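Dear colleague,

Please find below the structure that I am handing over to you. My notes on what was found in it follow directly after.

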Amino acid sequence: MAIRQLSETLINQIAAGEVIERPASAAKELIENALDAGATRIEIATAGGGKALLRVSDNGSGMDAADLELAVRRHCTSKISETLEDIRTLGFRGEALPSIGSVARLSIASRRRDSTGGHEIAVTGGKIAHMRPAAANPGTIVEVRDLFFATPARLKFLKTEKAEAGAITEIVKRMAIAFPAVRFVLSGSDRTTLEFPATGDDHLARMAQVLGKEFRDNAIALDAEREEISLTGFAGVPTFNRGNSAHQYAFVNGRPVQDKLILSAIRGAYAETIPSGRYPVAVLSITLDPALVDVNVHPAKSDVRFRDPGLVRGLIVGAIREALARDGSRAATTGASDMLRSFRPGFQPNSQRPQGGWSAETSPSRPYQPTTGFGERPQASFDGLSMPTARAEPQFSPQPAAPEPNARYPLGAARAQIHANYIVAQTEDGLVIVDQHAAHERLVFEAMRKALHSKRLASQVLLIPEIVDIPEEDCDRLMQHAAELSELGLAIERFGPGAIAVRETPAMLGEVDAHGLIRQLADEIAEWDTASGLSAKLEYVAATMACHGSVRSGRRLRPEEMNALLREMEVTPGSGQCNHGRPTYIELKLSDIERLFGRS
């Protein structure tokens, strides 16, 4: 079969299969062009989930007739010249507009700020129409109609209009977080209008617009740098989590990405603090020299490759863990909100509202005036109550007796133990309810984790070394991490070109499947260039041991024991959640309590 040159239209349609996968892909490319043009206001309108109509309007620098003529031709761009080593714009491939025009009805109207008139060009199924003058405001309006009409097979693979509209919304949210100084408006016949007003340099305010105002109250600031790679952003406290990873946003040099290395680092940073099946909320922005990252991995530009992935992963994990140790022990504000909602079904102020206006005698908030006294039968049930007691056991370090009511401790002074499991403490401006088992479990685990990282772990020497046959390149990778693994109690040696001899294993793990462990570590190092899997196994064992070695539910505590637990929680990193990710305490402000009783 003879080889022949494909037509320009067919080439563009093939390229469109990679660049424009769905309406959200087209929206992403057009918004990136608007941002690269310096727009401060971007409006997106859709119909039919973006399949029938996608219009992106901006107030950027605009284009003249000559630029418009080139913009719809493949590999024409103003963003790079001769090298891919210094890419500082969102777009650079010059494929988006011709790809869209080859599979849809595309029209572009644009006007430069210093021009008295604009121009418009249209592309239908890859055929470029003649340029014509057009009335236009400064900036650019790109309109895409009947997406994939020229490639009907692609239409069959699209999801419902609602799903496609939701994907466009997610794209706009990611762009809005990355560029808080830009105003975004998303509207159309298939959706309610969504608007993100510009917040200038206040990134947290923009994040609150996208992620909800609760994120502001439950976010911890990140600011770290390592070898000229900086990381900024915000990470949610562990108890502020979600059911999927859709609330994790990552940006590299301002570019929204969905990189598996970054997502894996976030997951590793929150290990042993988030319940299984739950995901943390985080917004990370990585800034580094463009030469140290490759953004030309895929036409969609959502994947990147770092020159030193281990350094980036270590920076993310270290920064988040340091932030959680510094400020992550506080409980999520959503806990108090859930508690308030659980009270409300029984609180019906409207049913108590007196008829005929308010009066002091009929007000539900009037002072209580006893008529039967405290010696009546209803009080008999309180006769058997006394302060909880228990045997004195050295569960905690010696602490002073119960503090005075006005003592300014973050978790307050213990006032009672209810149901032999929950400690009620009075703080300066509210109260705290502590799950004693979950709290002490976390304290024991953190003590064991500190011991894990402070010295070489105890190991058990194998009478007969285990010989594990693996590919030679995996042997090379493992031996590069031999010293690190030795600190964790795993001693390995090279045994020929394609085998590893395991001489010692961590004593904490008990009987170990050496073959499975070595192969798992080899796979992990090949994927992430890190051997953190063994450390994770050890921490999992430590978490299990902590669960069985902590104060059990049902054990009565003396006041000094309860206060000792509170004081240790205040100085222990991550004490706001147990090893399984559940909250260890819930704080209720006095204002919330007053609201429950209708006092505010």
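Ile-42 counts as buried, at 0% relative accessibility; here buried means under 20% relative accessible area, exposed over 50% and partly exposed in between, with a 1.4 Å probe and protein chains only. This is a predicted model, in which local features need pLDDT of at least 70 and side-chain atom pairs count only at pLDDT 80 or more, while totals for chains, interfaces and linings use all residues. Residues are numbered from 1 along each chain as its sequence is written, and side-chain values use heavy atoms, with hydrogens and water left out.

Ile-42 has its place in strand β1 (residues 41–47); helices (H or I, at least four residues) and strands (E, at least two) are DSSP runs numbered from the N terminus. Leaving aside neighbours within four places in sequence, the contacts of Ile-42 include Ile-31, Leu-35, Val-56, Asp-58, Val-182 and Phe-184, contact meaning heavy atoms within 4.5 Å.

Thr-505 is placed in strand β24 (residues 499–506). Thr-505 is buried, with a relative accessible area of 3%. Not counting residues up to four places away in sequence, Thr-505 touches Ser-459, Gln-460, Leu-462, Gly-489, Leu-490 and Val-512.

As for helix packing, helix α6 (residues 161–178) and helix α7 (residues 203–211) pack at an angle of about 165°, with their axes 9 Å apart. The axes are lines fitted to C-alpha atoms, for helices over the stretch in contact, and angles run from 0 to 180 degrees between N-to-C directions. The two helices α6 and α7 are therefore roughly antiparallel to each other, a term for angles over 145 degrees. Lys-173, Ala-176 and Ile-177 in α6 meet His-203, Arg-206, Met-207 and Val-210 in α7.

Two loop residues deserve a note on backbone geometry. Most residues other than glycine have a negative phi. Glu-228, in the loop between β10 (219–226) and β11 (229–236), has a positive phi near 65°. Glu-228 counts as exposed, at 67% relative accessibility. His-419, in the loop between β19 (413–418) and β20 (422–427), has a positive phi near 55°. His-419 likewise counts as exposed, at 73% relative accessibility.

For the chain overall, the secondary structure comes to 19 helices and 25 strands. Of its 600 residues, 45% count as buried. Among contacts with a separation of 6 or more, 70% are between residues 24 or more positions apart.

With kind regards

Conventions: Parallel < 35°, antiparallel > 145°, perpendicular 65-115°, else oblique.
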